[in-house]
Amino acid sequence: MQEVIGCIRTAFPDTHWVLDEMVAEVISIGWCIPSRIGWIRDTGATMNPLSQPVRCHSGVTSVSAVLSLLLALCGYLAAGCGSTGMPPVTVPPPPTSLAVVVSSTANGQFTNFYVDITSLSLTNQAGTTVSVLAAPQSQAFTQTQEAEFIHLNGHMAPFLTAMVPQDVYTQATLTYTYAQFTHVSLNASGALATVTDAVGGPNSIPQTASVNLPAPLAIHGSAMAVLLDLQVSSSATFTNQGAGQPDTYAITPMFKLTPAAPMPQSQVQVKGVDGLVSSINSGSDSLSLMIDYGFNNPSYPDGSTFTLATNASTVYQGIGNFSALAVGMIANLDLTLQSDGSLLATRIEVDDPGATNVLTGPLGTVFGSQGDIVELGRTNEEFNQSVVPGSTIMYYSFDASTAFKLSGEIAVPSNLPFSATFDSSNLIAGQNVSVASQVIVTSGGRYTHATTITLVPQTINGTITGVSSSGGFTVYSVSLAAYNLFPILAVQPGQTTALRNPSSVEVYVDSNTQMLNSDPVAPGNVLRFNGLIFNDSGTARMVCWQVHDGVAE
């Protein structure tokens with residue numbers, strides 16, 4: 001060893017030697033001292049120009065000696081302590097940037113379903129557990145991650161991102177402190193009534209939900225997305241005991257956890273995400289968005305904040321370009337989870353730039369002649385408001401100054417065989433809308449004035465009863481269960497717009513519709529359809545964007 005180093009020093013006198021590691025170990029034949037030695041040369045240095053060749057062994061010149069001796073040195077260090085050798089050191093791969101997106105699979109039984117999530121962890125095949133969402137210091141609502149899942153039926157939204165060791169995981173554990181669902185009925189006088197059943201509450205002891213992994217979850221690559229999907233029908237049961245009587249019910253959230261894309265580092269498309277612009281970086285054309293999962297307001301902040309990039313292909317609706325964005329705007333976006341784990345905004349829609357509150361959910365009642373509506377809110381986004389909605393039910397007034405719009409999330413075909421219009425004359429109870437306002441009114445007998453009402457996509461679950469074609473579209477007649485909002489709400493007294501057959505929706509499908517179903521789209525089968533629902537002279541017609549497998553009714 002001494003000879004090797006001496007020869008190298010002779011050839012390269014500017015070399016600096018560094019002993020990086022030395023670990024002593026006693027074995028049966030004596031001391032073993034595995035070492036890691038490095039050598040560093042000054043920048044621009046050259047080989048020593050000796051007048052005579054450096055000979056470390058007979059007949060070997062300096063250049064070949066250095067090469068040979070370097071190989072010998074490597075062999076010496078690799079050999080460690082002779083024939084016993086050194087055990088190979090396995091360097092673990094870097095962790096994966098794991099994005100968790102949330103979704104749900106539901107029929108039309110519940111109007112909303114909230115879960116306040118406190119922690120999420122994964123356990124590998126060896127029994128080692130890693131945290132994906134760490135438990136908060138407090139179980140108060142302000143510390144937990146609340147999510148409303150019915151608005152995510154057939155949809156996805158980013159929930160959190162965590163660095164997770166690459167491994168194969170066979171078990172997931174999720175805890176929660178609160179869960180609730182709401183269902184709709186009519187009271188004795190035929191008016192709208194809602195019933196909310198819940199378990200847990202603020203500062204409650206966390207309960208463990210059921211999380212099913214259909215197959216071991218292999219986390220690998222630099223970035224990956226997994227889908228946390230609430231199985232709504234399996235998560236709650238209830239029996240309505242009649243008017244004025246409390247329900248008999250049970251709630252135990254049941255989730256399914258699967259990869260969100262077939263391959264790690266695949267791009268994942270997420271459409272129709274609602275959120276509040278919380279900051280803007282003009283230098284990089286990026287923004288921070290607090291994504292809306294439930295009721296987000298200054299008193300009870302809700303949601304996760306993500307940084308979103310934009311590029312030259314980003315589509316802007318309601319505003320001209322990136323420079324028109326402002327902090328406090330409430331937007332609806334399409335996102336792409338890119339292969340490196342970052343989020344790209346491919347579409348940014350701002351329907352009402354001046355709005356300070358946007359409540360999204362189905363219409364509960366429509367009194368068109370009076371200019372009044374009742375909305376069953378599922379999610380609420382709010383900015384700089386001193387007054388917040390008192391409940392999920394909000395009363396609005398509209399007039400000639402109210403703007404009626406269609407969501408830009410779905411492109412409405414120009415060749416539809418019916419008139420796809422949305423205005424004050426054809427609102428119907430059960431349609432999914434976003435209502436924007438500038439001042440919330442909760443007292444004094446007055447309603448909040450709606451500045452903009454936007455028709456947004458919704459998911460229906462039903463049985464196909466017939467198939468036909470019209471103008472290049474395949475038309476499916478879909479029968480709804482009796483508990484669906486359309487048949488329940490259509491019979492309320494005093495409404496000026498109502499459906500002739502509220503238990504059926506005509507669904508229009510063309511080549512642009514994403515067919516995500518595995519069950520055949522055929523009469524007798526139950527499927528879920530997502531799209532915009534219009535009132536065409538008393539007939540509900542959907543422009544369908546996606547088809548999913550259905551949920552038993």
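Modeller: The residues lining the largest cavity divide into ten nonpolar, one polar and no charged. By name, the lining consists of Ala99, Val100, Val101, Pro158, Phe159, Leu160, Thr161, Val270, Phe306, Leu337 and Leu343. Two elements give two or more residues each to this lining: strand S5 (96-105) and strand S9 (157-164). S9 gives the most, with four residues. Keep in mind that this is a predicted model.

Now the volume. The largest cavity has about 60 Å³. The count comes to five cavities of 30 Å³ or more. As for the approach, rolling a probe the size of a water molecule over the atoms shows where empty space is left.

Next, the setting. The protein has 553 residues, and buried residues make up 50% of them. Its secondary structure comes to four helices and 39 strands. Take the contacts between residues at least 6 apart in sequence: 71% of these join residues at least 24 apart. The accessible surface comes to about 24300 Å², and carbon and sulfur atoms account for 53% of it.

Then there is the packing. The largest nonpolar core has 68 residues, and Phe113 and Leu122 have the most contacts inside it. Strand S10 (residues 167-186) gives the most to this core, with six residues.

Not counting residues up to four places away in sequence, Leu122 touches Leu98, Thr128, Thr129, Val130, Val132, Val164, Tyr169, Gln171, Ala172, Leu217 and Leu257. Leu98 is a contact of Leu122, and strand S5 covers 96-105. Val164 is a contact of Leu122 too, and strand S9 covers 157-164. Leu122 and Val164 are 42 residues apart along the chain, yet their C-alpha atoms are separated by 9.1 Å.

Phe113 has its own set of partners. Again leaving out residues up to four places away in sequence, Phe113 touches Ala147, Glu148, Phe149, Ile150, Gln180, Phe181, Leu230, Val232, Ser235, Ala236 and Ile251.

Finally, check the backbone at two loop residues. Most residues other than glycine have a negative phi. Asp285 has a positive phi, near 55°. It lies in the loop between strand S19 (268-281) and strand S20 (286-291). Asp285 counts as partly exposed because its relative accessibility is 36%, between the 20% and 50% cut-offs. Ser537 also has a positive phi, near 55°. Its place is the loop between strand S38 (526-536) and strand S39 (539-549). With a relative accessible area of 60%, over the 50% cut-off, Ser537 is therefore exposed.

Back to your cavity, in brief. Its volume is about 60 Å³. Its lining has no charged residue. S9 is the element that gives the most residues to it.

Note on methods
Residues numbered from 1 in each chain as written. Predicted model: local features only at pLDDT ≥ 70, side-chain atom pairs only at ≥ 80, totals over all residues. Heavy atoms only, no water. 1 Å grid on protein atoms, 1.4 Å probe; cavity = no way out; pocket = protein on both sides within 12 Å on 5 of 7 lines; lining within 4 Å. Points joined across faces, edges and corners; volume = space filled by probe spheres on them. Nonpolar A, V, L, I, M, F, W, Y, C, P; charged D, E, K, R; others polar. Buried < 20%, exposed > 50% of the residue type's maximum accessible area, 1.4 Å probe, protein only. Contact = heavy atoms within 4.5 Å. Areas by Shrake-Rupley, 256 points an atom, 1.4 Å probe, with all protein chains shown as cover. Core = buried A, V, L, I, M, F, W, Y, C linked by side-chain atoms within 4.5 Å.
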